Amino acid sequence: MTEIPKEEYILKCTSACAGCPSSIALRYVLKAAGPETVLVVPACCTSVIQGAYPNTAMNVPVYNVAFAAAAACASGMSEAYRKAGRKTHVIVYAGDGGTVDIGIQALSGALERETDFLYICYDNEAYGNTGMQRSGSTPAGARTTTTPGGKIHAKKDLDGIVAAHNPPYMATACVAYPQDIFKKVRKALSIRGPSFIHILAPCPPGWRFSSDMTIEMGKLAVRSGMWILYEREHGKVSINGVSKAALKKPLPLEEYLAPQGRFKGISQQAIDSLISQRDRVAQRLLKEDEGIC
Amino acid sequence: MLTIATGNKAVAAAVKEARPEVVAAYPITPQTEIVEQIAEYVASGELDCRYIPVESEHSAMAACIGASATGVRTFTATSSHGLMYMHEMVNWAAGARLPIVMANVNRALGPGWNVWAEHTDSLQERDTGWLQVYVSTVQEAYDATIMAFRIAEHRDVLLPVMINLDGFVLSHSMQRLETLHPGDFIPPVNLPHAIDTANPAGYGTLTGPDDYFRFRWDIERSMRRSVGVIAETEQEFADRFGRSFGPAQEYRCEDADVLVIAMGTLAKEAEVAIDRLRDEGIRAGSLRIRWLRPFPELDLDGRDLVVIDRDYSFGFGGILAQSLKSRYRVDPYSVIAGLGGQEVTFDDIASFVRERKPGEERWFGVSDDV
C-alpha cells in the first residue's frame, strides 16, 4: 500500500458542506503534491472552502483567478517558475463549470502549448457554488435549478476533449478511492508537460443524497460503470481493476440513480441516454485498454 | 542608437531593453507588429524571456497575472476588441496589485469592422485602476514604454500601466527613433506580495465589505502617489537621457487665449494648427494630455477651450471634454472628431478654433440635419 503522508494541507473546520467531496479529494491531492505547490483556483466551491480574508484554510499558496482564466493563469505561473529554474508544482483545482464550460478554451490552449502543470477538474456535475444550476457536465435526466424537468442533453465528454490534445498523462479518479487519487497525482506530477485528472465528486446537496453517503455514491458510480477509473499515459489507456471488474458486470443503473434525488422521476428516454453514453465510453476505453484501436 | 522605426517597433524595442521574464500575447490588428517583433527577439536570443502564444486576450492577461504574481516582470500588448475581451482580467490585474505593462494600440470598436484609430477602447478601461499614458510620436512610444516598467513596479504604485498609441497613424508610421540602454534606470522587480511557498497565503480570496473597501482605497491612494512617482521618473529620465515629458505637454500655451486640448496624434497635429492660427494673429496654444490616469492637474483659468475627443460616451459626451468639465468647472467647445480613423487635418483643427462656441458640442463632418 502507498504510504500517504501524515501532513495536512487543509485545516479542519472549513466552510465546506457536510460530506463535501471536493475537499476530500483536495486533501489527498495536496498530500501527494507536498508543500512546494501553488494552487490556482477559479470561481468554484473551493474558492469559498479555502477561507475568507485574512485567513486561509490551506497550507499552500492559493491563487484565486477569474472563472475562465485558471489554465491561462497557471500557464504564466508555470513559465515564470520554469524560467527561474524552479520545480514548484502548479496545480489548477477547478470545478466542472470552470472546466467544461467557461474555462475550456483556456484549458485547451494550455494543453496545446504543453504547459508544465497539472489541471484537476473535480466534477460534481453542476454549478455548485451558485446553487446547483446545470453545467455541460450535468448528465441527462438530472434535475438542477435550471433544469427543473431534468436535463435533456447528455454530459459533455470532457475526457474525450482532453484526450484529443494527447497530453502525456491523463486520468480519471473518484472521491471514493482516495489512494487512487494520491497515486495518480503523484504520477501526474512526475511527468513533464501537461497532465490532467478528472475526479468525480458526488455532491450531497447537489445530487440530493444524505451527506454520510458521499463515498458510497462514488462507489456506486464506479460499480455501475457510470464512472470509469483509468489512466492514459502517452496515449496508452489502462483501466483500473475495479472498473474492469465493474464493466464486466455493472450494477443495475437503478442502484446508482435511486438514492439520488436529482434523478427522481427520470424519464425512460433519459435513462436510455445515460446507458447508451455509458456503454459508448466503456467500449471505447476497453478497446483502447486492449490496444485494439 | 539613432534609427527609424514604426510606433509598434519602438514599443517592442523598448520592451527588449526592459527585459521582461514573461510576455503573453495574442495578435490583433494594428498591434501585431509588437508581438511579432518580441517573438523574434525571443527566438533570436536577443531577449531572454518566455513568450507564451496564448489563445485569447483574456488568457494573455491571465497568463501575465500568473507570471507577475510570482514576482517577475511581464508585458503584453493588445488593441480594441482584444482589450474588450480582456476587460475582466484588466480589472483583476489592478485589483491584484500587479505591475504588468501593456501597450494598447488604439482602434475603433465594431460593428462595423474598423481597424483605424479611436480612443474609446482604452477609455472604456479608465476606471479599472490602471495608469494610462497616451503618446504622440514614435520616440515618445519608446520612452513611455521604458518608463512604464519603473513606474508600475515602484513600491508606492504597484499598479499596472497601459501605454496607448494611435492605430496606424502612429503604430505604422515610420519616424526617427533614438534607442537607449536603460541600465539601472529600471531596477529589478521587487514585488512585496509575490507568491511564497514558504509562507503560504490566499491571494484574492473571499473578502468582506470592510476589507474590500480598504483595498479599493489603497488602490486610489497608490494612484494619487503615482503622480509623484511619474514626475520623479520623468525627471530622472530627462536628466539621464535628455528628453522631458510631463502629465500634459504644452505648446505655445504661455500667453494663449484659447487652448486646444486633445490626446495622442491629433494633439500633435494641433501644434501645426496653432502655428497657422498664430500667423493669423489668434493667440492659440495646444495642451496635449499625456497621463489620463492619474488625471493631470491643469491650469485652465481664463481661457477658451476647444477639446477634441477621438472617443464618445453615448448619451453623455466626449469623454475628455466631460472629464475636464467635471474636474475644472470649465465650459469647453467639445469637438468629436477622428472616430474610426476619420481624417482630421491641421486645417480642420484650426477651423475648430476659429468657429468655437463654448458650451456646445460638434460632431465633425456630420451635418445637424442628419
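What follows is a run of questions on labels, each answered from the value and its definition.

Reply: First, the ground rules. This is a predicted model, in which local features need pLDDT of at least 70 and side-chain atom pairs count only at pLDDT 80 or more, while totals for chains, interfaces and linings use all residues. Residues are numbered from 1 along each chain as its sequence is written, and chains are lettered from A and ligands numbered from 1 in the order in which they are written.

Me: What makes α1(B) and α6(B) roughly parallel?

Reply: The crossing angle. Helix α1 (residues 7–18) of chain B and helix α6 (residues 138–153) of chain B have axes that come within 8 Å and cross at roughly 30°. Axes are lines fitted to C-alpha atoms, for helices over the stretch in contact, and angles run from 0 to 180 degrees between N-to-C directions. Angles under 35 degrees count as roughly parallel, over 145 as roughly antiparallel, 65 to 115 as roughly perpendicular and the rest as oblique. So α1(B) is roughly parallel to α6(B).

Me: Which residues make that contact of α1(B) with α6(B)?

Reply: From α1(B) they include B:A10, B:A14 and B:E17; from α6(B), B:Y142 and B:F149 are among them. Two residues are in contact if their C-beta atoms, placed from the backbone, lie within 7 Å. By class, the contact has 11 nonpolar, two polar and one charged residue. Ala, Val, Leu, Ile, Met, Phe, Trp, Tyr, Cys and Pro count as nonpolar, Asp, Glu, Lys and Arg as charged, and the others, Gly among them, as polar.

Me: What handedness does the crossing of α1(A) with α7(A) have?

Reply: α1(A) passes α7(A) in a right-handed crossing. A crossing is left-handed if the near helix is turned anticlockwise from the far one by less than a right angle, and right-handed if clockwise. The crossing of α1(B) with α6(B) is right-handed.

Me: How do you know that β2(A) pairs with β9(B)?

Reply: Count the bridges. Two strands pair if DSSP finds at least two bridges between them. Strand β2 (residues 62–64) of chain A is joined to β9(B) by two bridges, and the strands run parallel. A:Y63 has B:Y203 as its bridge partner in β9(B). Strands here are DSSP runs (E, at least two residues), as are helices (H or I, at least four), numbered from the N terminus.

Me: What makes β8(A) and β9(B) edge strands?

Reply: The open sheet has nine strands, ordered β8(A)-β7(A)-β5(A)-β6(A)-β4(A)-β3(A)-β1(A)-β2(A)-β9(B), with mixed pairing. β8 (236–239) of chain A and β9 of chain B each have a single partner strand, so one side of each is left without a neighbour in the sheet. Further in, strand β1 (residues 37–41) of chain A pairs with β2(A) in the parallel sense over three bridges. There A:V40 has A:Y63 as its bridge partner.

Me: How many residues do the chains bring to their contact?

Reply: 35 residues of chain B are in contact with 38 residues of chain A. The largest share of chain B's side, nine residues, comes from α3(B). That side has 18 nonpolar, 11 polar and six charged residues.

Me: Which strands are at the edges of the six-strand sheet of chain B?

Reply: This open sheet runs β10-β12-β11-β14-β15-β16, with mixed pairing. β10 (248–251) and β16 (361–363) of chain B pair on one side only. Strand β15 (residues 333–336) of chain B and β16(B) pair in the parallel sense over three bridges. In β16(B), B:S334 has B:E361 as its bridge partner.
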